[in-house]
Amino acid sequence: MKIDHIGIAVESLQEGLKFYRDALGLEYKGQEEVKEQGVKVAFLKLGESKIELLEPLGEEGPIARHLEKRGPGIHHLALEVSDIDDRVQDLKNSGVEFIGEKPSQGAGDKKIIFIHPKSARGVLLELCEVNL
Ligand code: CO
């Protein structure tokens, strides 16, 4: 297992890119809107992983709430898995709690699901399907 990406909540992608792309020098890989998650995402390459800057599309949704409650910062950590449905079932059998019943569509057309922070000791963990 490895880290697919680190999700960082920002007020605006523009502002986030000023630091992560322009100052830090990470390679910018483009951006997209993910309506299902209520966010606009910018991707930056970081070795084998990525940083995803997340800007809320509106006043509602998890990223908007995160900014309101805690300000900008790390929102989630995403782990790459191969068979997400099987993995989720195994974890549910071990008593792990998820946000939502089954995987939904995330950035890059990948299937994703979030493990509840209650189960991951305070960390919002995303599982993200990568077909190897
Ligand atoms: Co993510």
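This is a predicted model: local features need pLDDT of at least 70, side-chain atom pairs count only at pLDDT 80 or more; totals for chains, interfaces and linings use all residues.
Strands are DSSP runs of E with at least two residues, helices are runs of H or I with at least four, and both are numbered from the N terminus. Two strands pair if DSSP finds at least two bridges between them.

Strand β2 runs antiparallel to β3 (residues 39–46), joined by six bridges, and Glu33 stands opposite Lys40 in β3.

I turn now to the salt bridges. The structure holds eleven of them, each defined as a side-chain nitrogen of Lys or Arg within 4 Å of a carboxyl oxygen of Asp or Glu. One joins Asp4 and Lys110, at 3.5 Å from N to O. Asp4 lies in strand β1 (residues 3–9) and Lys110 in the loop between β6 and β7, 106 residues apart. How accessible is Asp4, buried or exposed? Asp4 is buried, at 5% relative accessible area, while Lys110 is partly exposed, at 22%. Here buried means under 20%, exposed over 50%, and partly exposed in between, with a 1.4 Å probe and protein chains only. Together with Lys50, these two residues form a network of salt bridges.

Finally, a note on sources. Residues are numbered from 1 along each chain as its sequence is written, and side-chain values use heavy atoms, with hydrogens and water left out. Local features need pLDDT of at least 70, side-chain atom pairs count only at pLDDT 80 or more, and totals for chains, interfaces and linings use all residues.
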